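Good morning, everyone, and thank you for making the time. Please bring the structure up on your own screens, and I will talk through it as we look.

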Number of protein chains: 2
Amino acid sequence: MQSRRPYNADVMTTPANTSRKTWNQLLLVGVGLLGGSIAAAVRQAGLAKNIVGVGRNPERLQAAQQAGLIDSYSTDLPSTAAESDFVIVCTPVGRVVADILTAATACKPETRLTDVGSVKATICSELQIQLPEGHSFIGSHPLAGSEKQGFEHACPNLFNNRTCIVTPDENSSSGALKDIKQFWKSLGMHVLEMSAKCHDIAIAETSHTPHVVSAALAAMLASENQPLTSTGFRDTTRIAAGSPDLWVDILLSNGKAISESLRTYTDRLNEFQNAIADGDATTLKKLLQEAKTNRDSLNT
Amino acid sequence: MQSRRPYNADVMTTPANTSRKTWNQLLLVGVGLLGGSIAAAVRQAGLAKNIVGVGRNPERLQAAQQAGLIDSYSTDLPSTAAESDFVIVCTPVGRVVADILTAATACKPETRLTDVGSVKATICSELQIQLPEGHSFIGSHPLAGSEKQGFEHACPNLFNNRTCIVTPDENSSSGALKDIKQFWKSLGMHVLEMSAKCHDIAIAETSHTPHVVSAALAAMLASENQPLTSTGFRDTTRIAAGSPDLWVDILLSNGKAISESLRTYTDRLNEFQNAIADGDATTLKKLLQEAKTNRDSLNT
């Protein structure tokens, strides 16, 4: 029988256990909100001698360098990867596999390779097949972010006290796993290990479905009612301001798990709808109490 | 043909137009988050010589007095109403009609009577029939609040720069309407007039449906996935921590408009679901873009 808990609580470790490791050259592929925040956090913690950013737009990279986030930049991934001992791909989920493969083809086998994508199963299974012999990729998903985009919103404390999920498989190098876990811990994160598939099912419920639920609410707002929204509407729809391109990518990369989670959601919503339509105060109170209990159990 | 806009833009006035009026005795029936915040705001702005709280629990009222929110308190509504020139009922929507009627039976006809309930049609139509001859009640709904409860969370700035809807009808006293609008403006609010029925339809979309949408999401969270929630889930479910009792009352008092609004919502959600199930990136992006555009148009 499969446990309902998708991760092993034994491997949930706190930042207190952390020892530090310093990298010679950290390469961030994609210097947006997440890449920029990793750069800021790594610099603050002194975890890398050199932080390099790779991207497609030299002007944006130059601005990120001028902002003090990265030490240097390049639009040439292979040559930069060849000189780096740690590569973190922070591009949209649809580009992670290609970027990791490009880096892996150029870098030393011992270079650590990870990403920050919020979908893991397709990325990890494709890379398990396609990664050059001797290289190791372990997926990461730091549960930290914002509806805002761009390195201008980067924050060195974005990861502090948050959870990071890493998704090794049976072929993962134990040395790579240790290093990557240690890296996230040294940014102040609590690290959980789980399979890529379990990750995608769980995150469908805790992140992807909430995004759809929130976006559908924002999408239905009649323009004449905009002045009549209060903090409740604004909180509930905050994440709907996220980038449509990034989210199309995420939602379609985890479509099956999200579809299933949305069915659970609409069943639940139906219970509320029926209780309201029937004027059934007892059922409605039970549902609202269940919601409140769950919400209160989250600390912020 | 009816305009889609449920209020008259001409009557949307800003705090800048405001002149001040001072009340001899302001009576707050119910000293929780809203009643307490009104007390704090009125004291800060010096709008009343005396602020009295009425409620059912003397210990809570005494604590609110000790916190400096009210000058005195009583559990006897009629005798306190008789001495007050302004009465604001801040009890749950299911109790507003009874509390206004109790106050009206005891107070002078010129005493101003309003409430802060987030449902208006039933309250206003019942009071139009039942209010003693010569008295005037005008419903108010300040669009300000919190998922928190109790005067301990009261804040004098809760109303600042927010919208307050007032719902007069054809029999409303113009003097009462002027005074009540001026009162909310002097707390820094933008005041909108609309019919109670239009209010309930609009607020079903901007507040009541969001509450249900948020609560259904919180209710479906599996306990083992709680550590996997991030800020997105937390923002989207924040209002689900609101009081179940208060919300049963609200949702069942505006059931028809909410049921209709929830149908619009589920239609919208279905479009997202279908696009995800079909892997239809074009439609999904269009929907997400619509959501983002609407959300971005709200300033915070």
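Predicted model: local features only at pLDDT ≥ 70, side-chain atom pairs only at ≥ 80, totals over all residues.

On the side of chain B, 76 residues are in contact with 76 residues of chain A. The elements of chain B that give two or more residues to this side are helices H7 (196–220), H8 (231–237), H9 (244–253), H10 (255–278) and H11 (281–297), and the largest share, 16 residues, comes from H7(B). By class, this side of chain B holds 40 nonpolar, 23 polar and 13 charged residues. Because 100% of the interface residues of chain B are also interface residues in chain A, the copies meet through the same surface.

The crossing is left-handed, and the contact joins Leu287(A), Leu288(A), Glu290(A), Ala291(A), Asn294(A) and Arg295(A) of H11(A) to Ala215(B), Ala218(B) and Ala219(B) of H7(B). Of the residues in this contact, six are nonpolar, one is polar and two are charged.

H10(A) also packs against H7(B), with the axes 9 Å apart and an angle of about 125°, and these two helices are therefore oblique to each other. Here the crossing is right-handed. H10(A) brings Thr264(A), Tyr265(A), Arg268(A), Leu269(A) and Phe272(A), while H7(B) brings Val212(B), Ala215(B), Ala216(B), Leu217(B), Ala219(B) and Met220(B). This contact has nine nonpolar residues, one polar and one charged.

Now to a contact inside chain A, where H7(A), residues 196–220, and H10(A), residues 255–278, pack at an angle of about 65° with their axes 9 Å apart. Their crossing is right-handed. In H7(A), the residues concerned are Asp200(A), Ile201(A), Ala204(A), Glu205(A), His208(A), Thr209(A), Val212(A) and Val213(A), and they meet Ala257(A), Ile258(A), Ser261(A), Leu262(A) and Tyr265(A) in H10(A). The residues of this contact divide into eight nonpolar, three polar and two charged.

Finally, how is chain A divided into domains? Domain 1 covers 9–194 and domain 2 covers 200–297, and their C-alpha centres lie 30 Å apart. Between them, 10 residues of domain 1 of chain A are in contact with 14 residues of domain 2 of chain A, and helices H4 (93–106) and H5 (121–130) of chain A each supply at least two residues of the domain 1 side. That side of domain 1 has four nonpolar, four polar and two charged residues.

Key
Residues numbered from 1 in each chain as written. Chains lettered and ligands numbered in written order. Contact = placed C-beta atoms within 7 Å. Helix = DSSP H or I, 4+ residues; strand = E, 2+ residues; numbered from the N terminus. Nonpolar A, V, L, I, M, F, W, Y, C, P; charged D, E, K, R; others polar. Domains from an automatic or database assignment. Left-handed = near helix turned anticlockwise from the far one by under 90°. Axes fitted to C-alpha atoms, helices over the stretch in contact; angles between N-to-C directions. Parallel < 35°, antiparallel > 145°, perpendicular 65-115°, else oblique.
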